[in-house]
Amino acid sequence: MPGEQGKTVAHGLILRETETKEADKILTVLTAEIGKIPVIARGARRKNSRLAAACQLFAWSEMTLYKRGSWYYLDGADPVELFTGLQTDLVRLSLAAYLAELTEFVAGEENPVPELLRLLLNGLYALAKLGKAPELVKPAFTFRLLALAGFEPMIEGCAVCGAEKAVQPVLDVVQGVVHCRRCGGVGGESFPLSAACMTALEHILHGPDRKLYSFTLMPEDLRLLDRAAEAFAGAQLERSFRTLGYYKAVLI
């Protein structure tokens with residue numbers, strides 16, 4: 001909201017940080033009030049800088065900002081949550097970076113998207129505070145994010161034969177529909193899903209926010225769901241993600 005002397009107070013989460021000049025940072029911040037914005041944090045890398053804590057990756061802070069041209073500048077910040085649990089686990093940290101990159105890609109510039117911000121904050125909390133398994137958080141977050149961004153897959157019945165329940169269901173990640181395996185594809189690339197996966201997917205897409213990660217799957221079912229989620233994101237967003245490659249390298 002607007003403050004004194006042209007300053008704005010916003011609550012923001014650091015999605016990406018880049019070092020620049022001698023002691024500055026360029027931050028990509030997802031704010032509740034303004035949306036995704038580029039922020040210059042002058043002196044944030046100096047020893048004992050009052051901005052240092054709030055300029056860390058994944059820091060959630062109350063920020064005082066002012067704007068010059070197309071850039072926002074950080075005038076002050078009070079950290080609310082730093083998600084420190086991520087810093088001690090490379091797998092969780094690298095997955096968090098992937099979730100942030102996905103969110104950054106689908107969030108428009110200076111367009112408030114409170115539902116995306118809430119999803120990412122809850123995902124980071126699940127990884128850093130609740131100890132949720134990364135292999136569960138990744139597909140659940142991916143499918144919910146894509147649904148919120150307008151890419152929700154059609155999972156009710158078979159898109160080819162019209163059956164109310166697809167037999168041996170597969171997800172066509174290009175067309176974004178589920179069909180029976182025996183029906184063949186509808187022009188895209190298909191990934192198998194078990195009955196348990198379908199139940200979990202219904203929960204992920206239509207369940208309450210606070211219960212997003214409250215489901216269980218056997219390891220093989222979870223692998224099927226994750227493969228489908230990853231392929232669906234790549235097909236619908238039509239790009240690859242650098243942080244995904246890093247996350248997979250960490251798992252090896």
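Predicted model: local features only at pLDDT ≥ 70, side-chain atom pairs only at ≥ 80, totals over all residues.

Student: OK, so what angle do α2 and α3 pack at?
Tutor: About 180 degrees, for α2 (residues 114-128) against α3 (residues 134-151), with the axes 11 Å apart. The two helices are therefore roughly antiparallel to each other.

Student: Which residues make that contact?
Tutor: From α2, the list includes Leu116, Leu119, Leu120 and Leu127. On the α3 side, Val137, Phe141, Leu145 and Leu148 are among them. The contact residues come out as 10 nonpolar, two charged and no polar.

Student: Switching to strands: what order do they run in around the barrel?
Tutor: β1-β2-β3-β5-β4, a closed barrel of five strands with mixed pairing. From one strand to the next, the twist averages 50 degrees.

Student: And in what sense do β3 and β5 pair?
Tutor: Parallel, over two bridges. Isoleucine 40 has tyrosine 73 of β5 as its bridge partner.

Student: Which strands does α1 lie across?
Tutor: β1, β2 and β3, and α1 runs at about 115 degrees to β1. As for α2, that helix packs on the sheet too, touching β1, β2 and β4, and its direction makes about 65 degrees with that of β1.

Student: Last one: which residues of α6 are buried?
Tutor: Thr243, Leu244 and Tyr247. Looking down the axis of α6, the buried residues fall within an arc of 105 degrees, so they line one face of the helix. Their cover includes α1, α3 and α5.

Methods: Residues numbered from 1 in each chain as written. Heavy atoms only, no water. Axes fitted to C-alpha atoms, helices over the stretch in contact; angles between N-to-C directions. Helix = DSSP H or I, 4+ residues; strand = E, 2+ residues; numbered from the N terminus. Parallel < 35°, antiparallel > 145°, perpendicular 65-115°, else oblique. Contact = heavy atoms within 4.5 Å. Nonpolar A, V, L, I, M, F, W, Y, C, P; charged D, E, K, R; others polar. Buried < 20%, exposed > 50% of the residue type's maximum accessible area, 1.4 Å probe, protein only. Arc of directions from axis to C-beta. Pairing = 2+ DSSP bridges.
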